[in-house]
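Please look over the structure below.

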Number of protein chains: 2
Amino acid sequence: MNKEIPYKIYLEENEMPKQWYNVRADMKNKPAPILNPATRKPITVEELTPIFCEELARQELDDTTPYIDIPQEIQDFYRMYRPSPLTRAYCLEKKLDTPAHIYYKFEGNNTSGSHKLNSAIAQAYYAKKQGLKGVTTETGAGQWGTALSMACAYFDLDCQVYMVKVSYEQKPFRREVMRTYGATVTPSPSMLTNVGKKINAEFPGTTGSLGCAISEAVEAATAQEGYRYVLGSVLSQVLLHQTIIGLETKSALDKYGIKADVVIGCAGGGSNLGGLISPFVGEMLRGEADYEIIAVEPASCPSLTRGKYAYDFCDTGKICPLAKMYTLGSGFIPSANHAGGLRYHGMSSIISQLYDDKLISARSVEQTEVFKAAQTFAKVEGILPAPESSHAIKVAIDEALKCKETGEEKNIVFGLTGTGYFDMVAYQKYNDGEMVDYIPTEEDLIKSFATLPQING
Amino acid sequence: MNKEIPYKIYLEENEMPKQWYNVRADMKNKPAPILNPATRKPITVEELTPIFCEELARQELDDTTPYIDIPQEIQDFYRMYRPSPLTRAYCLEKKLDTPAHIYYKFEGNNTSGSHKLNSAIAQAYYAKKQGLKGVTTETGAGQWGTALSMACAYFDLDCQVYMVKVSYEQKPFRREVMRTYGATVTPSPSMLTNVGKKINAEFPGTTGSLGCAISEAVEAATAQEGYRYVLGSVLSQVLLHQTIIGLETKSALDKYGIKADVVIGCAGGGSNLGGLISPFVGEMLRGEADYEIIAVEPASCPSLTRGKYAYDFCDTGKICPLAKMYTLGSGFIPSANHAGGLRYHGMSSIISQLYDDKLISARSVEQTEVFKAAQTFAKVEGILPAPESSHAIKVAIDEALKCKETGEEKNIVFGLTGTGYFDMVAYQKYNDGEMVDYIPTEEDLIKSFATLPQING
C-alpha cells in the first residue's frame, strides 16, 4: 500500500457509500431519549409525525439499525457533487514545516457552499415520497436555507424559508440564491403566523432570532395541509445523513492505506462533526481501532467545554422536544461580536453522549485566532474557508505544529465543511483589525443555565 | 470503449496535461501581429518587457511553438483545484427530454470562482521567477483580481489591484476576498497615479471605468522598481494558459471514447473560449477531425456578430498595443442595464482570426433568456452559474432541444467557466422581473466604430 498520495483523493462513483451509518447502534450508552415537551415522556414516532415526515421521524428514534440504505434517488443527487475530495494539504504542511500529514475533507464544492446539502436532499426526498406539497424551515445565516432550496427545486417541492430578519436584510445574496431556486423567503418575525404577529406586537421593530424563526416555521408547517417542518442540524437524523462525509473519508484513507491518528471537526449543533467522526467512533466502540477525536467550538459559545449535560429545549421558543445534551441553556445568546458561526446553545445528543463517555475530546478557540488560521490556510491551499470550518483548521494547525516539536509523522484529518463566500463581512472585520474576542463570564453562564427546564431536578 | 459514463469524469493527477497547447502554431492564417501604439509597427519582445514579464512577452508573440511546458511549480498549484470535473449533465438531459448527451467542464471549483486562476498562477509564477517584487492589474467585477490575489499570495508576491470605483463600492465582498489574500485594492480612479489624479480633476465624482483602471495599473507598474503589469483576458498568453481547460476536456472525452459534435463557450475577451476550443480547433486545422464550434456573446456587446475585423486599441485609454480583432471600437460601452458580464469591446486576436476563417461560428443572446437558462440549469444540476457562463448554457440548451426535434444523439460539450456567488445583484434583478434586454442600435455602433484608429484606412 505504498501508492503515491495525490493532492486530491477522489473515490470512483461506484465506491460511494450506499448506506448511511447509524453510530447509535454501536453505542453501549445510547443517547437519552428525546421527550415530548407536553408530557415530558419519551416521544414516539406517532407524536413526531404531525411535524416531521414519517420516515425522518423513524430515523430520529432508531438507535438500533446500524446501516440504513440511501435511496437511489438520493444517491443520484449525491453524484452531482459527491464524492467530495479528500485533499492532502501538501502546501499547508510545507508552510508549517511539519512532519505531520494533513488531510481535509472538503464539503464546500456545491452551490449551497456547505455540507448542509447532504441532509437537505434526504429530507426533501422523504417529504416528496410521502406525497407532501412542501416543507417549511428557518435559516439564520442562510446556509441551510440555501441547501434546502436546492434540494426542493430538484424534487419540485414547495420550500418556505423563515429567515431571521436581520440576516434577510444584511445577507441579500443568500436570500437571492434561495429565491433563484424558487423558495419563498420570509423575514422573521413575519405577519404570516400567529407567533410572528405576537412577537411583532410585543417587540415592535425587532430584527428577529433563530428561536422565533423556528417557531414560525413549525407553526406554518402544522397550519398548512401537506406540509412538514425540516431542520438542518442537531437532530440525530441529520447526523445520520451527514455520515456520508465520514464514510467517504474512511474509504479514501483506506484506499491509500492511511491510518488517521487525529480526526478534527468543528461543532455547532454537531451534525457535521458527527457525520465525519461516526465511522471512526464506530471502530472505537467495536474495539477495532483507536483515534484521537477533537470537537472544536467557539470560546464564545462553549456548549461542550463549559456547558451542563442536561435535558433542554432544542429551541428558544420552547415548543420543540427536549433532548439531553451538553447545553448552555436555551436562553443563551452569543455576543453580537461573535462572527464565527456555531452559535447554537446545545449539542447533538449523540455527540453529547460520546463526549460524556470520553470517546471524543473538545477544545474551544477564540475567533481572531480562527480567522488567522483561515487566512493562513486560504493563502496556501487556495480555498477561502467558512468561519465555522476554520475552527477545525485552527486546531489542525495546532496539532501539526505539535508534531513539528515532537517529530511525529501523525496523520491529521479534519473536516472543511464549507466556503466563506457569504461571510465576507466577518472577514472584512478581521482584515480591518476590528474583530474582538469574547468569552462569556461565569455570571453569563449562571444566567443562561437558569433557563434550563425544571426536569433536570 | 463502452464504459458507463459517470456523472463526473475526473482525470487522474498523472493524466493532467504537462504542456499548454499553442494553437497559433497550427494556424495557416496567423493572427495579425500586435502593433506598438507609438510606432504602429509590429511590437517586439523587447518593447513589451518594460510592461510585461519577459517570459510572458515571449509567449505573447510566439506563434510557432505548438506545445509549451507547464513549469512544475504551476503544475503543483494546478493540482490543488485541477483536474476540474467534466460533468455529464444527466439531470439537465432528463429535464429537457433530449436524446443529446450534454457535458460541461466546470471551472468554478476554486475560491476565485472561475477559470481566471489558470492564467493568474502562470503569470504570478513568471513574475516571481523573474525576481520581481510584485504585479499590478485592474479588475472590474473582481473575478480576475481575486484569482491574481490568490496566485500572488501563493508565491509571496505583492499584488496591487486597481478596482473600478463603482465595483469597489458595490462589490465589497470581492474586495474583501482580495484583501484576505493580502492584495492592496485601490478604487480607481485614485490619487496614487498621475492618470488617476487627472481623471479625478476632470471628472469630479466619477465612479471609474475599466479603461481608466487599466491606465492606472500600467502607470503603477512602470513607476515602481520591480513591478510589471498583468492582464486576465484577451491576450494570446492568457488564451495559451487557458488551454489547460480544453486539453483536460479532450483527454476526459477520449478516456471514455466520446467524440464531441458541438463545442460551446461564452466569449468576452475570448480567453476561456479559446482555451476550451484550442485542442478541438487544432484537430480541425490539422485535418484530423471536424467539430461545430460556437462562440456565444451577449446581444448587448456583440463584437463577433456585429463588430468589424480591424486594428483597435485593447484599452479605452489607448495606451496599450493595437491588435487586429473583431471589435465594436474601444469607445463602445455596453448599456448600464447589462448585467450579464462579457462587456469587452473586442475579441482575442486568435479567436477573431479563427472566426474570420469560419472555423468557428458565433451567436448573440439576450440576457433575460440567459438568466432563464441559468435558473433551469441551477435547479437540476445544482450549480449556480455565473451570468457569463450562462451564455453557453443557453445555447447548449437550444442545441439539445434541436436534437429533441431531430432525434439526433449529439454530444454537446460546453464550458461552465464559473459560479454566480458574487453576481446575486443581477440574479435579484432577474428574480424581481426587473431585468431588461438591450441591443445596441445601428446608430450606437456607427458612433463606437468612429473610435477605431485611423490605421485601418
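Predicted model: local features only at pLDDT ≥ 70, side-chain atom pairs only at ≥ 80, totals over all residues.

A:P17 sits in the loop that joins β1 (8-9) and β2 (19-21) of chain A. Its relative accessible area is 13%, and because buried means under 20%, A:P17 counts as buried. Beyond its neighbours within four places in sequence, A:P17 is in contact with A:I70, A:I244, A:L247 and A:E248. A:P71 is 54 residues away from A:P17 along the chain, and the C-alpha atoms of the two are separated by 11 Å.

The next topic is empty space. Rolling a probe the size of a water molecule over the atoms shows where such space is left. Across the whole structure, 10 cavities of 30 Å³ or more are found.

The largest cavity holds about 280 Å³ of space. It is lined by 31 residues, and A:F106, A:N109, A:I383, B:N109 and B:N110 are the closest to its centre. Both β5 (101-106) of chain A and α3 (72-81) of chain B supply at least two residues of this lining, with α3(B) giving the largest share, 3 residues. By type, the lining of the largest cavity has 16 nonpolar, 13 polar and 2 charged residues.

The second largest cavity holds about 180 Å³. Its lining has 21 residues, and those nearest its centre are A:M80, A:Y81, A:N109, B:K8 and B:I383. Here the elements giving two or more residues are α3 (72-81) of chain A and β5 (101-106) of chain B. The largest share, 3 residues, comes from α3(A). The lining of the second largest cavity divides into 13 nonpolar, 6 polar and 2 charged residues.

Terms used:
Residues numbered from 1 in each chain as written. Chains lettered and ligands numbered in written order. Heavy atoms only, no water. Helix = DSSP H or I, 4+ residues; strand = E, 2+ residues; numbered from the N terminus. Buried < 20%, exposed > 50% of the residue type's maximum accessible area, 1.4 Å probe, protein only. Contact = heavy atoms within 4.5 Å. 1 Å grid on protein atoms, 1.4 Å probe; cavity = no way out; pocket = protein on both sides within 12 Å on 5 of 7 lines; lining within 4 Å. Points joined across faces, edges and corners; volume = space filled by probe spheres on them. Nonpolar A, V, L, I, M, F, W, Y, C, P; charged D, E, K, R; others polar.
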